[in-house]
Amino acid sequence: MLSGRIKIFLLLVPALCLGQQTSLSNEYNIKTLFIYNFTKYIEWPAAEKKPVFEIDVVGESEIIKPLEDLARNKKINQKNIILKILEPGNEITGDIVFLPSSRSSQLSVILKSCNGRNVLVVTEANNLALKGSAINFKVVDNKIRFELNQAAAKNNGLKLSNQLVELSIPVNAQ
C-alpha cells in the first residue's frame with residue numbers, strides 16, 4: 001500500500017517532470033498523464049458494471065494520439081481502455097469526456113447529456129470549471145494545473161479522493 005505522500009507525488013509527476021513551457025504535443029502528453037492519474041483518485045460507481053473504461057473526445061484534438069497510446073499500453077481498474085471520437089449527434093457513453101478548447105461552445109450540451117450519469121467532464125478552456133465541467137486544465141506559471149469543480153463531479157455521482165481535492169485549484173460554480 002502506498003503512503004499518501006507517495007500517491008500525491010505520483011499524481012504530480014506529470015507536472016513536475018514535464019510542466020515547464022511545453023510544445024503542443026508535449027502539452028497533450030501531460031494532459032493525458034493527468035487524465036490517467038485522475039482515474040486513481042476518482043470512483044465511478046457505474047463503471048464497475050462496464051467491461052471496459054471508455055474515454056470520449058469531442059471532435060478532433062491533439063490529445064487523441066496520446067490517449068490512443070494510453071489505451072494501447074495501460075488499463076484502468078484492470079479494464080481495457082477504449083477511445084471514442086464524438087461528432088455532433090453521437091451519444092456520450094464514456095466514463096470520461098474530454099472537451100477540447102476548440103469545442104468549448106458545446107459545453108452546455110455536453111453537461112446536459114452527462115447530467116447524473118457518472119461521467120467526468122474534462123475541459124481546457126478558460127472558466128469552463130465555473131460553467132460546470134468537473135476538471136478544467138489551466139496553465140499557471142508555465143505549468144499545467146487543473147481546476148476542480150467538486151459540485152459538478154458530485155452531481156454526476158463521482159466520488160473524489162481528498163488527495164485529488166488538495167492538489168487542485170478549487171472552483172465553485174456560480
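Which exposed residues does the face of H3 turned away from its buried side carry? They are Arg72 and Asn73, where exposed means over 50% relative accessible area, buried under 20%, and partly exposed in between, with a 1.4 Å probe and protein chains only. This is a predicted model, in which local features need pLDDT of at least 70 and side-chain atom pairs count only at pLDDT 80 or more, while totals for chains, interfaces and linings use all residues. Residues are numbered from 1 along each chain as its sequence is written, and side-chain values use heavy atoms, with hydrogens and water left out.

Helix H3 spans residues 64–73, and its buried residues are Ile64, Pro66, Leu67, Leu70 and Ala71. These lie on the same side of H3, because they cover an arc of only 165° around the axis, the arc being that of the directions from the helix axis to the C-beta atoms. Helices (H or I, at least four residues) and strands (E, at least two) are DSSP runs, numbered from the N terminus.

The sheet comes next. Strands of a sheet pair through backbone hydrogen bonds, either parallel or antiparallel. Here eight strands form an open sheet with mixed pairing, in the order S3-S4-S2-S5-S6-S7-S8-S10; two strands pair if DSSP finds at least two bridges between them. S3 and S10 (169–170) stand at the edges with a single partner strand each, so one side of each has no neighbour in the sheet.

At the S3 end, S3 (residues 75–76) runs antiparallel to S4 and is joined to S4 by two bridges. Isoleucine 76 stands opposite lysine 79 in S4. Two residues lie between the strands of this hairpin, and asparagine 77 takes a positive phi near 50° there. S4 (residues 79–86) also pairs with S2 (residues 53–58), in the parallel sense over six bridges, with valine 57 opposite isoleucine 85. S2 pairs in the parallel sense with S5 (residues 96–99) as well, over three bridges, and isoleucine 55 has isoleucine 96 as its bridge partner in S5.

A pocket is an open set of points on a 1 Å grid over the protein atoms alone, where a 1.4 Å probe fits, with protein on both sides within 12 Å along at least five of seven lines; lining residues have an atom within 4 Å of a point.

In the second largest pocket, the lining includes Val58, Leu86 and Ile110. Helix H4 (residues 107–114) gives the most to this lining, with three residues.
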